Amino acid sequence: MAEIAADSTDTAEKKPASLRTVVAASAAGTTFEWYDFFVFGSLIQVISKTFFSGLSDTAGYIAALALFGAGFLFRPVGALVFGRIGDKTGRKGAFLVTVMLMGGATFAIGLLPTYAQAGLWAPGLLVLMRILQGFALGGEYGGAAIYVAEHAPPNGRGRATSWVQTSAAFGLFGALVVILVTRLVVGDLYGPEAFDAWGWRIPFLFSAGLLAVSIWMRLKLTESPAFAKMKSEGGGSASPYQESFGQWKNLKIVLLALAAIMSAQGAVWYTAFFYTQTFMEKFLKVDPATINLLMMSATAVSAIFYVVFGWLSDKVGRKKVMLFGMTLMLVAYFPGFHMLARTANPALAEAEARTPVVVVADPADCSLQFDPVGKASFTSSCDIAKSTLANAGVSYSNQAAPAGTLAQVKIGEAVVASTSASGLAKDQAKVVKTGVETAIKAGLTAAGYPAKADPARINIPGVFAVLFVFVIAATALFGPIAATLVELFPTRIRYTAMSLPYHIGTGWIGGFVPFTAFAIVAATGNIYSGLWYPFAFTLLSVVTCFFLLPETNGRSLDD
């Protein structure tokens, strides 16, 4: 790593690359890293079955979502490590290492044994690879954004850095395309079960070729002019951590960036592009292939608007554009997801309006089914009933019953009794659970609740219209962010200082949106209740951005 970092300073003597080359190489490498990360997020359902097959459906799905979030958990650590390297030895070396680390971890996931083959070793190794992915991505974005911004003209930073933002769209689009093509080809040649059995590995293994291209492109780059100038004048930071977080004048900017921008960024972007997938697949029961096509279309459109809003921020200011995006999403959260339900699965929305479901249970018999590691056993009559309804994507209300009574599920006028499996052997408990699940599902079917979304009734234009609103909100917020963050911090600590709030926002807040929102839904019974999580963080940013964030457009990077 040190040799690569050192090489970055030597390249300053080479002929500087054009801005077009700088943008292309930076965006291509970042696209590849997002591809790696999003392949995992888009295959959550398969991952849960492959690596957590020893758990129940609900526990396995939540564990897989938690593992998706675990990659984000380590992003701030990578931001600190690679930020220090980037501020002390150069931008190029730091984000060259990140792309190699990310590619290696992704390729390795495609070779891991399943739970059936290796038991607990399988999810253990998967966790390790996700940690490496998150660690690498933590150093990637800051390096690419800073590198482009430090090459761009002052009046064109928003537009130039917006291409780095589009890398997220290209990465997600590429992941969805490769997954869809693999599903179709493997399914046609080997049958519909082959993709879940082994075909899911192909998108991960495909990353090896992308890794080679990314390394080749980045090796052609020289160091950024702003960093090279600072180093030649002896202006580098001897202690980036202490200067970034130990001095209030810089720490307050870090905290402001987190509260005013990155809290909303994490909540808005991952709700728009990931929780929508979880919501449609898990609750609305839309076919995964249909979801892929819808998300591919939305992602393709988003690539245009990152640049549009980045360019617009050069003209009217960063703050106005970002504030528009986060406010639009704040207003659209609940109406948007309600509309998504009515357009994607109208039969489900009609059944819920016509025949509401109520769980009548002793509150003491109901657990908070929040178990990422899958060690808890939810076997009470209340837990079995609620787990069945959550897996069926059915909203329900709760009604307290006398202490000590077994839970009941009211589906309109019909009543289905639940049974406790507590204290029973594993095989016996499974029989009891299956019996209750079968009875509840039969009651739901009789009441008109669909087992899956009817493809003939899906209003594709309506679903896409909702996704388009989310896309506009997410891109208006995300498009100008790179330029804003770069302009907020001084050159000497820019990599370290801006990377930390970015990855706390996108990593800890955004990365856990699907996991936390799904867990909230499983606990409350309302399929829309999980939206309060991203809503709260978006509201925080709207208020903080409006009152406290300064306009950065036009600032000199040498100040």
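Q: Which backbone nitrogen does a side-chain oxygen of Asn 459 reach at the start of α21?

A: The oxygen comes to within 3.0 Å of the backbone nitrogen of Gly 462. A polar contact is a pair of N or O atoms within 3.5 Å, one able to donate a hydrogen and the other to accept it. This is a predicted model, in which local features need pLDDT of at least 70 and side-chain atom pairs count only at pLDDT 80 or more, while totals for chains, interfaces and linings use all residues. Residues are numbered from 1 along each chain as its sequence is written, and side-chain values use heavy atoms, without hydrogens and water.

Q: How do you know that the span of α21 agrees with its number of residues?

A: The expected span is 1.5 Å times one less than the number of residues. The 19 residues of α21 (460–478) should therefore span 27 Å, and the end C-alpha atoms are 26 Å apart, which agrees.

Q: Why is α8 called roughly perpendicular to α22?

A: The axes of α8 (residues 121–149) and α22 (residues 481–488) cross at roughly 80° and come within 10 Å. Angles of 65 to 115 degrees count as roughly perpendicular, so α8 is roughly perpendicular to α22.

Q: What makes up the contact of α8 with α22?

A: Tyr 141, Ala 145, Ile 146 and Ala 149 in α8 meet Ile 481, Ala 482 and Val 486 in α22, where contact means heavy atoms within 4.5 Å. By class, seven residues are nonpolar, with no polar and no charged ones.

Key:
Axes are lines fitted to C-alpha atoms, for helices over the stretch in contact, and angles run from 0 to 180 degrees between N-to-C directions. Helices (H or I, at least four residues) and strands (E, at least two) are DSSP runs, numbered from the N terminus. Angles under 35 degrees count as roughly parallel, over 145 as roughly antiparallel, 65 to 115 as roughly perpendicular and the rest as oblique. Ala, Val, Leu, Ile, Met, Phe, Trp, Tyr, Cys and Pro count as nonpolar, Asp, Glu, Lys and Arg as charged, and the others, Gly among them, as polar.
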